[in-house]
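Trainee: Could you take me through one part of this model in close detail, please? I would like to look at the ligand site and then at the salt bridges.

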Amino acid sequence: MGSSPIIGFSIHLGTVAPTDTGSIPPWVSTGHAIPVLVEPKTSGEPYWSGWALAGDSRATAVASHDGVTVLLAGELYHRAELGSVVGETADGLSDAELLLACWLRYGPSGLRLCNGRFAAVVAENDSVVVATDHAGTIPLYLRTRPDGVDVATEAKVLAEGAGDSFPAPGTEPAPGLTGVRRVQAGTAVTLVPGSTVAEAARTWRPPHHRLIVSPDEAMNRVADVLDKAVRTRLGGPHDPVTAVLSGGIDSSSVVALASGGGRPVRTISLGTDIGDEFAAARVVAEHLGTRHHEFRCSSEELVRQLPWAVAAAEIVDAEVLEYLLPLVVLYRMVPNEGTRIVTGYGADIPLGGMHRTTERLHSLDEVIAFDMGTFDGLNELSPVLGSMAGHWTTHPFWDRDVLDLLTALEPGLKRRDGRDKWVLREAMRELLPTATVTRPKLGIHEGSGTSSAWSQLLRRVGVAESDLASVKTAMAAVFHRRTVREQEPPGEVSFDDVLDEVMSEQNLAVT
Ligand code: IOT
Ligand code: MG
Ligand code: MG
């Protein structure tokens with residue numbers, strides 16, 4: 001894991017020699033743009049041309065050996081284990097080189113070994129494999145063309161291309177865009193550029209079975225696997241790390257494990273005039289001795305940054321945008337570019353934390369199965385949320401091993417003794433104050449006042465209570481059209497203009 005991975009890329013793999021890399025694409029992510037140009041070694045191999053984006057100008061994007069070329073955005077988290085099976089020590093190898101070594105030994109099946117946060121392109125002979133990590137945490141899009149295929153980690157980069165992609169297996173249409181397709185989570189799609197030959201292989205699926213383990217063993221296993229996921233995400237023992245801390249059990253667990261061993265940890269919390277969780281976060285920060293910062297933003301200012309959240313997540317789901325907006329706003333307030341940020345995001349999905357009122361274990365498990373079956377394409381873990389402000393984010397709860405275990409634990413370990421997320425709370429009991437371990441869940445959209453602030457702005461112009469949800473959905477679609485399809489910089493998209501447009505479309509008079 002480099003401290004500054006490749007953040008994203010936009011490349012064309014073609015059958016015709018490119019004259020140059022083309023102009024730098026309209027990213028929302030910011031960083032150093034590194035040109036990618038790869039000549040085929042033998043006939044039949046594709047030409048590569050395009051750009052990779054990195055936090056560090058010294059980063060190298062591509063690794064090549066024996067006719068195989070690898071481009072990797074993101075990072076791998078079990079470098080030592082991978083090194084042990086590919087017969088090399090991982091030290092000194094970049095993650096792209098490690099993936100290349102894995103490919104040379106296992107071929108495309110090597111992607112099934114990888115536990116990471118990555119999007120990869122691998123070319124061998126005339127075939128190109130485009131692959132997401134187990135959970136698709138770095139969204140990956142493609143557009144097939146008669147002379148090749150365009151692949152990019154931001155959909156907006158491909159929005160303008162002509163032509164309709166053929167529906168390659170393992171891909172889905174990207175919302176609001178014609179001809180752009182998204183590679184599914186945990187999927188490797190093999191393509192032959194310039195043809196319609198394609199096949200898909202799954203590299204991961206959420207477990208459907210449930211494990212019976214004693215409560216003690218479950219606690220220990222959760223503590224161990226999460227500890228490892230946090231440690232592998234932090235770089236060297238003295239590298240500084242920043243954590244987004246709400247003071248809930250999820251982010252507090254991450255901070256507790258990150259602080260272990262005396263590492264300097266900075267914690268940051270966001271609050272608005274409508275709401276904050278500052279007191280709860282402070283309890284954790286003081287207990288663990290982190291350098292703690294509180295950021296405040298007016299709730300109206302927060303909601304007005306919705307175009308940024310849409311441009312980053314490239315989604316149209318208003319409810320999910322309410323979860324992501326406070327994080328986008330907070331990341332944009334963090335001053336030093338190139339900050340490595342760990343989050344507690346995603347813990348509630350395998351643990352059923354969002355479903356506080358569910359009484360029966362059956363219904364708890366059903367919502368967990370549903371959420372684990374429907375996360376793909378929501379882009380909640382997308383690095384672009386942070387990389388648009390120049391930061392790199394990573395999410396230990398969606399580490400492959402953590403996710404496998406948390407999803408599979410039988411639901412009686414998740415709801416127990418009248419408490420939600422029981423097994424996580426118990427696993428962290430020794431490391432955190434009791435008040436934190438027993439603190440009831442509060443969603444980020446509630447704690448920050450995001451949902452109510454957006455509703456409030458709509459009520460102010462006369463939107464009826466029964467229309468709030470549909471107006472939010474319609475606004476999300478317009479933000480998406482403008483920032484993704486039309487690639488307008490999010491800073492130039494006005495919340496009020498979009499609201500006006502939606503109101504007149506829906507024949508609702510602005511009062
Ligand atoms: P929540 O779990 O409250 O917050 C997610 C993470 O955001 C926290 O762990 C913490 O790292 C950070 N965070 C939250 N609030 C603040 C704050 N005020 N200041 C700084 N950091 C903060 C929604 C939710 O409840 O967030 N996310 C769910 C999943 C949503 C459902 N998605 C789905 N079914 N696909 C989650 O699991 O995180
Ligand atoms: Mg949570
Ligand atoms: Mg919360």
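**The ligand site and the salt bridges**

Mentor: Happy to! Ligand 1 is surrounded by 26 residues, the closest being Val 244, Gly 346, Asp 348, Glu 380 and Lys 441; a residue counts here if one of its heavy atoms lies within 4 Å of the ligand. Please keep in mind that this is a predicted model, in which local features need pLDDT of at least 70 and side-chain atom pairs count only at pLDDT 80 or more, while totals for chains, interfaces and linings use all residues. Residues are numbered from 1 along each chain as its sequence is written, chains are lettered from A and ligands numbered from 1 in the order in which they are written, and side-chain values use heavy atoms, with hydrogens and water left out.

Let's begin with the polar contacts (pairs of N or O atoms within 3.5 Å). A polar backbone atom of Gly 344 is 3.0 Å from an oxygen atom of ligand 1. The side chain of Tyr 345 has an N or O atom 3.4 Å from a nitrogen atom of the ligand. For Ala 347, a backbone N or O atom lies 3.5 Å from a ligand oxygen. Taken alone, ligand 1 exposes 750 Å², and the protein buries 96% of that (Shrake-Rupley method, 1.4 Å probe).

Now for the salt bridges, each a side-chain nitrogen of Lys or Arg within 4 Å of a carboxyl oxygen of Asp or Glu. The count comes to 31. One of them joins the side chains of Arg 340 and Glu 75, at 3.0 Å from N to O. Arg 340 lies in strand β17 (residues 340–342) and Glu 75 in strand β5 (residues 68–76), so this pair ties together parts that are 265 residues apart in sequence; strands are DSSP runs of E, at least two residues, and helices are runs of H or I, at least four, numbered from the N terminus. Arg 340 and Glu 75 are both buried, where buried means under 20% relative accessible area, exposed over 50%, and partly exposed in between (1.4 Å probe, protein chains only).

Another salt bridge pairs Asp 496 with Arg 304, the closest N and O atoms being 2.9 Å apart. Here too distant parts of the chain are linked: Asp 496 is in helix α18 (residues 495–505) and Arg 304 in the loop between α6 (299–303) and α7 (306–313), 192 residues apart. Asp 496 counts as partly exposed at 38% relative accessibility, and Arg 304 is partly exposed at 23%. Finally, salt bridges that share partners join Asp 250, Asp 348, Lys 421 and Lys 441 into one network.

Technical notes
A polar contact is a pair of N or O atoms within 3.5 Å; within protein, one must be able to donate a hydrogen and the other to accept it, and residues adjacent in sequence count only if both atoms are side-chain atoms.
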